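Take a look at the protein chain below.

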Amino acid sequence: MTHKELLDFDKQHIWHPYTSATNPLEVFHVESATGCNIRLNDGRELIDGMSSWWAAVHGYNHPVLNNAIQKQTEKMSHIMFGGLTHQPAVELAKLLVKITPEEFTKVFYCDSGSVAVEVAMKMALQYWHAKGESSKNEFLTIKNGYHGDTWHAMSVCDPVNGMHSIFNKRLSIQNFVSQPQVAFNEQWDDSDFFEMESVIEAKGDKIAAVILEPIVQGAGGMWFYHPEYLNKLSACCKKHNILLIFDEIATGFGRTGELFAMNHTNIVPDILCLGKAITGGYMSFATTMCTDDIANTISSAEPGVFMHGPTFMGNPLACAVAVASINLLLETEWQKRVKNIEKQLIAGLERAKKLASVKSVRVLGAIGVIEMHEAVDMKTIQPMFVKEGIWIRPFGRMVYTMPPFIITDKEISVLTEKMVKVLTNL
Ligand SMILES: *Cc1c(COP(=O)(O)O)cnc(C)c1O
């Protein structure tokens, strides 16, 4: 198949994320990727600014991760998890229990982030069912959140960005409050929590759980909010008998400068979702972790089991590469690296603030965001980034980067310089 035939077939038959089947945007043909470098079929090389949507924290084609997955292939690529277990699954659970707060004792393996969110929501409902409080069956969240594309995950995504209205009222109606306004590094103001508090006070007996992304709202708005919001939320949830679910699918494994975003706070939620970077970007995989209280309560009442179990649960390849990826992260000076990326992103994106088209620029850990006044035109901007030799994939008004942690100083300075250049020339 020639390059042109491949692209033509793709255009005719393949649906890409959030695209039209009849009028798709241009896609670029990737040949391979190594380190922080994406190599296109025509020989052009792009510096990766996206980590394949938060996931590839160690870059691509890493020998340690390649080796882990190859070695596991020789033993078994997959085996059902019903009635069977294996070393990679146990090793991974051991690691996860060790690196998360001690309250998280139980690990449920999922095949993707969206599924991890579904599982977390099911756990919350089954918990209250087991307690004989079935009227606690609604969820509460903040606007501009993103929790995945499956049915109930979608119901707690931002109602406007997530276009809830097009689903003809079949999507569960959840409770939304405004997005926290006090930014991560601003002075905390108690009034930022008032709306959440008043909804909890008014509707607490109906609410099973509050679900949100701690500190960093990712795909729903690329916003960094104040840790005190979460401290207040945790206390308020405890007072009103509401569970707290943290979706750390994007923030987990070092991205914000802490191993988990909740480490910026003093609190621990009841249920925790991890995904994306868990396998270093090698395979689709995620996990939902919970406390003894959640697990024991669910298991103590009819039907006595947690009602979930996907076909590919605990996939050995995914578990093996996740173990290798987490160990690799912990063995490196990741915290220093993320700090260094943060410093360079701040310096490199500073110039964007001068552009009239730019509303604000913010950086936290290895995440750099340029918020525009108007949504960018993807048809125009995407080829411009490629022409400059960088891979940046904006959405709406957000032009942002979360590069692999292995990115070099030189690569970050080129990446940020070209990002600003493209926005200048737009
Ligand atoms: C990406 C993401 C999800 C969904 O994960 P998938 O693997 O795409 O299903 C859920 N929550 C957050 C915060 C995410 O960033």
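Q: How many helices and how many strands are there in the protein chain?
A: This is a predicted model, where local features need pLDDT of at least 70, side-chain atom pairs count only at pLDDT 80 or more, and totals for chains, interfaces and linings use all residues. Residues are numbered from 1 along each chain as its sequence is written, and side-chain values use heavy atoms, with hydrogens and water left out. Helices (H or I, at least four residues) and strands (E, at least two) are DSSP runs, numbered from the N terminus. The protein chain has 13 helices and 16 strands.

Q: What radius of gyration does the protein chain have?
A: The radius is taken over C-alpha atoms, and the globule rule is 2.2 Å times the number of residues to the power 0.38. With 426 residues, a compact globule would come out near 22 Å. The protein chain agrees with that, at 22 Å.

Q: What percentage of the residues of the protein chain count as buried?
A: Buried means under 20% relative accessible area, exposed over 50%, and partly exposed in between (1.4 Å probe, protein chains only). The chain holds 426 residues. The buried share is 53%.

Q: Which percentage of the contacts with a separation of 6 or more is accounted for by residues 24 or more positions apart?
A: Contact means heavy atoms within 4.5 Å. Count the contacts in the protein chain with a separation of 6 or more, then take those between residues 24 or more positions apart. Their share is 72%.

Q: In which order do the four strands of the open sheet with mixed pairing come?
A: Two strands pair if DSSP finds at least two bridges between them. Strands S2 (residues 37-40) and S3 (residues 45-48) pair in the antiparallel sense over three bridges. The order of the open sheet is S1-S2-S3-S15.

Q: Which residue in S3 is the bridge partner of isoleucine 38?
A: Strand S2 covers residues 37-40 and pairs with S3. In S3, the partner of isoleucine 38 is leucine 46.

Q: Is strand S5 mostly covered or mostly open?
A: On one side, Glu138, Leu140 and Ile142 are buried. On the other, Phe139 and Thr141 are buried too. Five of the five residues in S5 (residues 138-142) are buried, so the strand is mostly covered.

Q: Which residue in S6 is the bridge partner of isoleucine 142?
A: S5 and strand S6 (residues 175-177) pair in the parallel sense over three bridges. Three bridges also join S5 to strand S7 (residues 207-212), again parallel. In S7, phenylalanine 139 has alanine 209 as its partner. In S6, the partner of isoleucine 142 is valine 177.

Q: Is isoleucine 267 buried or exposed?
A: Isoleucine 267 sits in the loop between strand S10 (243-247) and strand S11 (271-274). Not counting residues up to four places away in sequence, isoleucine 267 touches Leu230, Asn231, Ser234, Leu244, Phe246 and Met262. With a relative accessible area of 14%, isoleucine 267 is buried.

Q: What is the relative accessible area of glutamate 371?
A: Glutamate 371 lies in strand S14 (residues 367-372). Beyond four places in sequence, its contacts include Lys359, Arg362 and Arg397. Glutamate 371 is buried, with a relative accessible area of 8%.
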